[in-house]
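Student: Let's take a close look at a single part of this chain. I would like its geometry, then its surroundings.

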Amino acid sequence: MSWAWEYAFGAEEAARTAPPVFLTAVEHKAAELVRAAEAQYLHGRAYGGDDPKGGDITVPGGMFTYQIVVRYERVYVVQITYLGF
């Protein structure tokens with residue numbers, strides 16, 4: 001398994017109604033988080049520590065909340081909020 005990102009919980013449903021420009025910004029930032037996590041946790045499947053604290057990232061049009069699960073080699077986008085700015 002290699003590092004990737006995906007929507008989790010209700011974020012996938014919210015993504016169906018969000019504007020494409022906003023989703024592109026979310027996906028771009030999520031891909032950046034994947035690259036950073038992959039570089040920091042080279043042996044993700046063998047990682048024995050606690051998962052890092054997730055966070056919020058502001059993108060044009062809104063924000064999203066993410067969580068990194070190292071042993072699954074995943075960055076989960078758990079909530080997206082489109083504000084239209």
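What span should the 21 residues of α2 have at 1.5 Å a residue, and how far apart are its end C-alpha atoms?

Tutor: This is a predicted model, where local features need pLDDT of at least 70, side-chain atom pairs count only at pLDDT 80 or more, and totals for chains, interfaces and linings use all residues. Residues are numbered from 1 along each chain as its sequence is written, and side-chain values use heavy atoms, with hydrogens and water left out.

The 21 residues of α2 should span 30 Å; the expected span is 1.5 Å times one less than the number of residues. The end C-alpha atoms of α2 are 30 Å apart, which agrees. Helices (H or I, at least four residues) and strands (E, at least two) are DSSP runs, numbered from the N terminus.

Now the buried side. Buried means under 20% relative accessible area (1.4 Å probe, protein chains only). In α2 the buried residues are Phe22, Leu23, Ala25, Val26, Ala30, Leu33, Val34 and Ala37. Their cover includes β1 (4-7), α1, β2, β3 and β4.

Next, the core. A nonpolar core is a set of buried Ala, Val, Leu, Ile, Met, Phe, Trp, Tyr and Cys residues joined through side-chain atoms within 4.5 Å. The largest one has 23 residues; Trp3, Tyr7, Val26, Phe64, Val77 and Ile80 touch the most other members. Elements giving two or more residues are α1 (11-15), α2 (20-40), β2 (55-59), β3 (62-69) and β4 (74-82). The largest share, eight residues, comes from α2.

Phe64 shows the packing. Beyond four places in sequence, its contacts (heavy atoms within 4.5 Å) include Val26, Lys29, Ala30 and Leu33. Phe64 also touches Val77, Gln79 and Ile80, among others.

Definitions and conventions
Buried means under 20% relative accessible area, exposed over 50%, partly exposed in between (1.4 Å probe, protein chains only).
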